[in-house]
Amino acid sequence: MTQSWNPTRPDIAEALASVRETIALAARESGRGPEEVALVAVAKTFGPSAVEAAYAAGQRVFGENRVQEAQSKYPDLKKRHPDLMLHLIGPLQTNKAGDALALFDVIETLDREKLARALAKERDRQGRCPQLYIQVNTGGEAQKAGCKAADAAALLQLSRDELNLPVIGLMCIPPLDEPPAVHFGLLKRLAQDLDLENLSMGMSGDYEAAVMLGATSVRVGSAIFGQRPKPV
Ligand SMILES: *Cc1c(COP(=O)(O)O)cnc(C)c1O
């Protein structure tokens, strides 16, 4: 497969330092230490050299939204850097559950019963399982992945208690045209109700607000790697 990646910008280390600084300040602002908020560097559309540059600057956790792109990019990187951690942050089709389970360390987009069952089956087959987040469609958007907020408890019960899957938190992507803080607040309350510790929320445009509102993990792409071309 030939793949044309976006060009790597020269100042990834600088951009990373600035994002880390913003996270540290927001964490302190919310009464926490900087080490309590994980940074997932979202490298989608950027090639292995961009990941290498971020790794050289101390970044260890990376995010990708497509299984296939990750499969073409990370096996080599992971061989070179065994401590590199990979998060799946995009929608997962049931028929890719096995591929995803084999490659990723964390899957943030568990959002339906069928997928939970497919992951459990692959876990039994492969003898390994990434940590999981339940993705919640806090805005109730028809086209967006994620379970309804009202269905999260049932999905957690099935996944964790019946299927014994390691669900560690909740993840959301707020609607583009709404203030994200409302959705961050909603996700936090839901996590408290469900007694889940981890909250994956916040992207380049709103990660500072997300950390102030309790994010334990932020997913930042363009603020580190540069602008991606608009999807056609
Ligand atoms: C692309 C992506 C991000 C990062 O977006 P930026 O705005 O570039 O920081 C975060 N989360 C998800 C689910 C994404 O697909």
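**Exercise 1. The surroundings of the ligand**

Task: Determine which residues are around the ligand, and how they divide into nonpolar, polar and charged.

Solution. The residues around the ligand are V42, K44, I89, I173, M203, S204, R219, V220, G221, S222 and R228.

The structure is a predicted model, in which local features need pLDDT of at least 70 and side-chain atom pairs count only at pLDDT 80 or more, while totals for chains, interfaces and linings use all residues. Residues are numbered from 1 along each chain as its sequence is written, and side-chain values use heavy atoms, with hydrogens and water left out.

Step 1: Ala, Val, Leu, Ile, Met, Phe, Trp, Tyr, Cys and Pro count as nonpolar, Asp, Glu, Lys and Arg as charged, and the others, Gly among them, as polar. The shell then consists of 5 nonpolar, 3 polar and 3 charged residues.

Step 2: Polar contacts are pairs of N or O atoms within 3.5 Å. An N or O atom in the side chain of K44 lies 2.7 Å from an oxygen atom of the ligand. For the side chain of S204, the distance to a ligand oxygen atom is 2.5 Å. The side chain of R219 has an N or O atom 2.9 Å from a nitrogen atom of the ligand. On its own the ligand has 380 Å² of accessible area (Shrake-Rupley method, 1.4 Å probe), and the protein covers 89% of it.

**Exercise 2. The buried side of helix α6**

Task: State which residues of helix α6 are buried, and what covers them.

Solution. Step 1: Helices are DSSP runs (H or I, at least four residues), as are strands (E, at least two), and both are numbered from the N terminus. Buried means under 20% relative accessible area, exposed over 50%, and partly exposed in between (1.4 Å probe, protein chains only).

Step 1: In α6, residues 152–162, the buried residues are A152, L155, L156, L158 and S159. They lie on the same side of α6, because the arc they cover around the axis is only 165°; the arc is that of the directions from the helix axis to the C-beta atoms. Exposed residues A154 and E162 are carried by the face turned away from this buried side.

Step 2: Contact means heavy atoms within 4.5 Å. The cover of the buried residues includes β4 (106–110), α5 (113–126), β5 (131–135), β6 (167–171) and α7 (180–194).

**Exercise 3. The buried side of helix α2**

Task: Explain why the buried residues of α2 line one face of the helix.

Solution. Step 1: Within α2 (residues 48–56), A50, V51, A54 and Y55 are buried. Step 2: Seen down the axis, these residues fall within an arc of 140°, so they line one face. Step 3: Among the elements covering them are α1 (12–29), β2 (61–64), α3 (67–80) and α9 (222–225).

Note on methods: Near = heavy atom within 4 Å. Polar contact = N/O pair within 3.5 Å; in protein donor to acceptor, adjacent residues only side chain to side chain.
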